[in-house]
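Have a look at the model first, then read on.

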Amino acid sequence: MLILSRRPNESLRIGNNVVITVVGFSGNQIRLGISAPPNVVIDREEVHLRKIAEHIPTLSPVASSDVPPTRVRSVRRKSEARRQLSLRAE
């Protein structure tokens, strides 16, 4: 495993097409910005493991030309508490 230190607004590059930038941090969490081509699937580890467990076909694309490629992107979701607060504010 390669371990690197980065400060906010500093980046690291994976290959020629993927750039990961440290956006910020708060407590024991860091925020990362990831720039990658659309054909690169980016998932959190727990989502990736769930896809494997559920045998989602996007992890092993079908070679048939009849089936269009599926694009899956992870979406950051608000916690339930933050969602309730935003609903009350409206």
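Helices (H or I, at least four residues) and strands (E, at least two) are taken as DSSP runs and numbered from the N terminus. On that basis the protein has two helices and three strands, and from the N terminus on they run β-β-β-α-α.

A word on provenance: this is a predicted model, where local features need pLDDT of at least 70, side-chain atom pairs count only at pLDDT 80 or more, and totals for chains, interfaces and linings use all residues. Numbering starts from 1 along each chain as its sequence is written, and side-chain values use heavy atoms, with hydrogens and water left out.

Now the sheet. Two strands pair if DSSP finds at least two bridges between them. The three strands make an open sheet in the order β1-β2-β3, with antiparallel pairing. β1 and β3 (29-35) are the edge strands, each pairing on one side only. Neighbouring strands are turned by 30 degrees against each other on average, direction ignored; the axes behind that are lines fitted to C-alpha atoms (for helices, over the stretch in contact), with angles from 0 to 180 degrees between N-to-C directions.

Zooming in on the β1 and β2 pair, four bridges hold the antiparallel strands together. Here is who faces whom:

| Residue | Partner in β2 |
|---|---|
| I14 | V18 |

β1 covers residues 11-14 and β2 covers residues 18-26. The two form a hairpin with three residues between them, and G15 in the turn has a positive phi of about 65 degrees.

What about the outside? F25, I30, L32 and I34 make a nonpolar surface patch of about 430 Å². Patch members have over 30% relative accessible area and no salt bridge; like charges are joined within 9 Å, nonpolar side chains (Val, Leu, Ile, Met, Phe, Trp, Tyr) within 5 Å. A salt bridge here is a side-chain nitrogen of Lys or Arg within 4 Å of a carboxyl oxygen of Asp or Glu. The largest share of the patch, three residues, comes from β3, while F25 is found in strand β2. Is F25 buried or exposed? F25 is exposed, with a relative accessible area of 60% (buried is under 20%, exposed over 50%, partly exposed in between; 1.4 Å probe, protein chains only).

Zooming out, 9% of the 90 residues count as buried. The protein exposes about 8,200 Å², and carbon and sulfur atoms supply 54% of it; these areas come from the Shrake-Rupley method with a 1.4 Å probe, and for residues only the protein chains shown count as cover.
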